[in-house]
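Keep the viewer open as you read.

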Amino acid sequence: MPIPRVRRWKPLALTAAAVLVGITVPATATATPTPTPTNAPVTAAVGTYDDTYYKDALGKTGPELKSALHTIVSEQTKLSYDQVWDALKTTDEDPANSSNVILLYSGTSRSKSSSGGDQGDWNREHVWAKSHGDFGTATGPGTDVHHLRPEDVTVNSIRGNKDFDNGGSAVEGAPGNLTDGDSFEPRDAVKGDVARMILYMAVRYDGESGFPDLEPNDKVDNGSAPAIGRLSVLKKWSDEDPPDAFEKKRNQVIFDKFQHNRNPFIDHPEWVEEVY
């Protein structure tokens with residue numbers, strides 16, 4: 001049985017604090033997690049998008065809300081898998097060091113130039129594992145940067161295509177992460193981020209355009225089914241770990257510069273309960 005967890009808030013970034021007092025932070029990766037500084041640029045007021053982008057979703061609940069959000073977020077510019085490299089260097093840029101990106105699970109800052117497939121590099125982690133629905137790296141779900149994040153090659157391999165759930169053994173090179181034979185638990189600072197990425201994918205991809213109908217369920221070990229779990233745990237993570245400045249800014253950058261669509265669960269985390 002999952003161990004009950006105490007609600008935690010995301011900690012202040014040590015790198016951001018160093019910037020504020022004028023200390024130079026090295027560009028190399030460290031083992032210290034690098035959460036978002038609280039003074040990072042934040043998106044425009046959500047109300048602005050309620051009046052425009054989300055206007056057809058307001059007042060709806062349940063399946064009607066999910067359907068409305070699907071229609072809204074499906075209007076997007078699609079990237080190629082090669083274009084994802086450059087997109088991630090912008091969407092996940094370290095706010096304390098513009099030459100680096102922040103790795104999702106590891107929480108470390110690593111040089112943008114260290115992208116690739118060798119040990120010590122970072123690569124493109126599919127948070128909704130691409131084998132869950134067999135969509136691979138096809139333009140669409142396989143290249144949607146709302147769920148693609150930079151991660152250390154080795155840590156990415158350890159996560160593999162496992163579902164998300166609580167518990168397991170510590171992940172080497174990624175403090176705070178746990179894994180076992182069929183699930184992966186990310187560090188506390190990004191649990192909600194992971195949940196909201198998964199739920200975005202389920203709203204965005206519903207069987208149209210030749211892609212599978214992605215849906216979360218309350219299981220693990222889903223294999224190649226177009227499903228991922230565990231939904232009850234993901235919902236709890238979203239509640240315990242609300243969107244922070246880094247996640248909000250990332251959503252805005254994707255909207256402004258790349259796909260021109262938004263993750264509605266970042267703008268309206270209360271919609272998680274309304275839809276699921």
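A charge counts as sitting over a ring if NZ of Lys or CZ of Arg is within 6 Å of the ring centre and within 35 degrees of the ring normal. With that in hand, look at Arg124, which lies over the face of Tyr81, 3.6 Å from the ring centre. Arg262 does likewise with Tyr49, over whose face it lies at 4.0 Å from the ring centre. Bear in mind that what you have on screen is a predicted model.

Now step back for the overall picture. The chain is built with ten helices and eleven strands. Of its 276 residues, 54% are buried. Take the contacts in the chain with a separation of 6 or more: 66% of them are between residues 24 or more positions apart.

Next come the rings themselves. A pair of aromatic rings is described by the distance of the centres and the angle of the planes. Rings pair here if their centres lie within 6.5 Å, and by this rule there are eight aromatic pairs. One of them joins Tyr54 and Trp271, with 5.3 Å from centre to centre and 85° between the planes, which makes it edge-to-face. Tyr54 sits in the loop between α2 (46–50) and α3 (62–73), while Trp271 belongs to helix α10 (residues 271–275), so this pair ties together parts that are 217 residues apart in sequence. Are these two buried or exposed? Tyr54 is buried, because its relative accessible area is 0%. Trp271 is buried too, with a relative accessible area of 7%.

Another pair to find is Tyr105 with Phe184: the ring centres are 4.9 Å apart and the planes are at 55°, so this one counts as tilted. Tyr105 comes from the loop between β2 (97–102) and β3 (109–111) and Phe184 from strand β9 (residues 183–185), so here the parts tied together are 79 residues apart in sequence. Both Tyr105 and Phe184 are buried.

Finally, turn to the helices. The axes of α3 and helix α6 (residues 191–204) come within 8 Å and cross at roughly 85°, so the two are roughly perpendicular to each other. Where they meet, α3 brings Lys66, Leu69, His70 and Val73, and α6 brings Tyr200, Ala202, Val203 and Arg204. The residues of this contact divide into five nonpolar, one polar and two charged.

Note on methods
Residues numbered from 1 in each chain as written. Predicted model: local features only at pLDDT ≥ 70, side-chain atom pairs only at ≥ 80, totals over all residues. Heavy atoms only, no water. Phe/Tyr/Trp six-rings, centres within 6.5 Å; stacked < 30°, edge-to-face > 60°. Helix = DSSP H or I, 4+ residues; strand = E, 2+ residues; numbered from the N terminus. Buried < 20%, exposed > 50% of the residue type's maximum accessible area, 1.4 Å probe, protein only. Axes fitted to C-alpha atoms, helices over the stretch in contact; angles between N-to-C directions. Parallel < 35°, antiparallel > 145°, perpendicular 65-115°, else oblique. Contact = heavy atoms within 4.5 Å. Nonpolar A, V, L, I, M, F, W, Y, C, P; charged D, E, K, R; others polar.
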